[in-house]
Amino acid sequence: MSEATGRDDPLDRLPKVDLHCHVEGTMRRETVIELAAHNNIELPTSDPAELYHYSSLDSFLEVFWLVQSLLVDRDDWTRLAYEAVVDSAAHGLVYGEFFFTPARHLEQGQFLADIVAGLDEGFAAAEQETGAQVRLIADMDRAHGPGAALAMVSQLIDLRRAGATGMDRVIGVGMDSTEEGVNPADYVAAYELAERAGLRRTAHQGETTPPWTIQAALDVLRCERIDHGLSVLDDLEVTRRMAAEKIPLTVCPTSNIKIANHVERLELHPYAEMRDAGLLATLNTDDPALTELDLGIEYRAVHDAFGYEFADMVAIAGDGIDASWLDDDGKRRLHARLRSAAEELQDSG
Ligand code: ADE
Ligand code: ZN
């Protein structure tokens, strides 16, 4: 396989899914600067990249929240969504389930209907242009507490029932932000409400906390996927169960180095061990623009760090499809597309 990078890299061109990508974390640097100017928000620096060095998840969240604060009206969300998909599709994204985390915007008076409609407009334009497809997961922000989470899910369901614009794009709920000192079980009311309304369920868990929190997300919140789940291998029983039940983990190895500071180098990341343990450990970007990453770079980095073959990376891409919330027909179509592209790329590689 060639050592090429960027669009010359078969791993960049391979059709891929991303099940763990925060749309706010895709904001281009130019967009950060332009939205700050447009919305009269002062940035602490003229080059946002200077901010993109993190000593912990919580220090990252300060930057994430600053970037989020630049999204002030519906058009800002539209621009963000459009650019997110165009930029991801340029590196092989064919299907994404992207998070948005509206707690602080709602607190500041924005309407959930406007946020979703704005995102939907941008996604639709980019889908038309690129052929990629994107769905949304509405994340609860743990920094805002269980009450705000329940209110957000309840509003979401009301808007869905009313047939509000873009709501059919929101297929599930999740939970992100700081983990430490938070018991996932405190969010049970919001998750129960989401389940009753037919929404899919995931949660960021085990990024910086022990495996009992993963177990609580599975048992109490009835999550169908776990985002990150880095600590899973610390508990043999949880590992065995997740492997046996094929409960997907949406792993983001580069993020775990740059954001959670979990390991220093990719070679030290438990990703390969997770897969060796039989876990459905998928590969995703988290906050690509805030960690100078894209899906092609992530696949290349993991390939190189663990000595994987091209066929291993195709299998990882296939696991992403299986872990998605597409229906069986959608999964079959993506698998067929992956298979035929992989054959072509293998020959050209
Ligand atoms: N929000 C955006 N990225 C996140 C991450 N890696 N962990 C928790 N919350 C986040
Ligand atoms: Zn995340």
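Student: What makes H22 count as buried or exposed?

Tutor: In this predicted model, H22 has a relative accessible area of 4%, and buried means under 20% relative accessible area, exposed over 50% and partly exposed in between, with a 1.4 Å probe and protein chains only, so H22 is buried. Residues are numbered from 1 along each chain as its sequence is written, and side-chain values use heavy atoms, with hydrogens and water left out.

Student: Which residues coordinate the zinc ion (ligand 2)?

Tutor: The zinc ion (ligand 2) is coordinated by H20 (NE2), H22 (NE2), H204 (NE2) and D286 (OD), at 2.0 to 2.1 Å, where donors are N, O and S atoms within 2.8 Å of the metal (3.2 Å for Na, K and Ca), and water is not among the atoms, so sites may look incomplete.

Student: What makes the pair of Y271 and F306 tilted?

Tutor: The whole structure has five aromatic pairs, and in the pair of Y271 and F306 the ring centres are 6.4 Å apart with the planes at 40°. Rings of Phe, Tyr and Trp (its six-membered ring) pair if their centres lie within 6.5 Å, and planes under 30 degrees apart count as stacked, over 60 as edge-to-face and the rest as tilted, so this pair is tilted.

Notes. Chains are lettered from A and ligands numbered from 1 in the order in which they are written. This is a predicted model: local features need pLDDT of at least 70, side-chain atom pairs count only at pLDDT 80 or more; totals for chains, interfaces and linings use all residues.
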